[in-house]
Amino acid sequence: MFAVWYTDKDSIQRIVGVSKNKSRAYKMARDLYSIKTKIDKLENVSTGVSQMVDGILYTASVPRSAQVTPLLTSMN
């Protein structure tokens, strides 16, 4: 499962969508960036994808993540 998130000036990561498909999640993150910057007029926004495993609570560990926009990083 892939969680789509964004952060803005307060640096709090907000998960706003999920997908079972990695490429769909990346497209969602790119679309989310456009929405947040062009429609919501937010500045200092970044979007990304985190790979989540079913049945795991991420309280002490951190899921594998990649920032999609504005800079592309790899989840590998």
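Is S11 buried or exposed? S11 counts as exposed, because its relative accessibility is 58% and the exposed class begins over 50%. The model discussed here is a predicted one.

**Backbone**

S11 sits in the loop that connects β1 (2–7) with β2 (14–19). Its phi is positive, about 65°, although S11 is not a glycine. N44 also has a positive phi, near 55°, and is likewise a residue other than glycine. The loop that holds N44 runs between α1 (22–39) and β3 (46–51). N44 counts as exposed because its relative accessibility is 63%, where the cut-off is over 50%.

| Residue | Phi | Relative accessibility | Loop between |
|---|---|---|---|
| S11 | about 65° | 58% | β1 (2–7) and β2 (14–19) |

The peptide bond from T69 to P70 is cis, and its omega is near 0°. P70 belongs to the segment after β4 (64–69).

**Surface**

Which residues make the nonpolar surface patch of about 290 Å²? The patch is formed by M1, I15 and V18. Of these residues, V18 is placed in strand β2. V18 has a relative accessible area of 54%, so it is exposed; the threshold for that class is over 50%.

Note on methods: Residues are numbered from 1 along each chain as its sequence is written. This is a predicted model: local features need pLDDT of at least 70, side-chain atom pairs count only at pLDDT 80 or more; totals for chains, interfaces and linings use all residues. Side-chain values use heavy atoms; hydrogens and water are left out. Helices (H or I, at least four residues) and strands (E, at least two) are DSSP runs, numbered from the N terminus. Buried means under 20% relative accessible area, exposed over 50%, partly exposed in between (1.4 Å probe, protein chains only). Patches are made of residues with over 30% relative accessible area and no salt bridge: like charges are joined within 9 Å, nonpolar side chains (Val, Leu, Ile, Met, Phe, Trp, Tyr) within 5 Å. Accessible areas come from the Shrake-Rupley method with a 1.4 Å probe; for residues, only the protein chains shown count as cover. A salt bridge is a side-chain nitrogen of Lys or Arg within 4 Å of a carboxyl oxygen of Asp or Glu.
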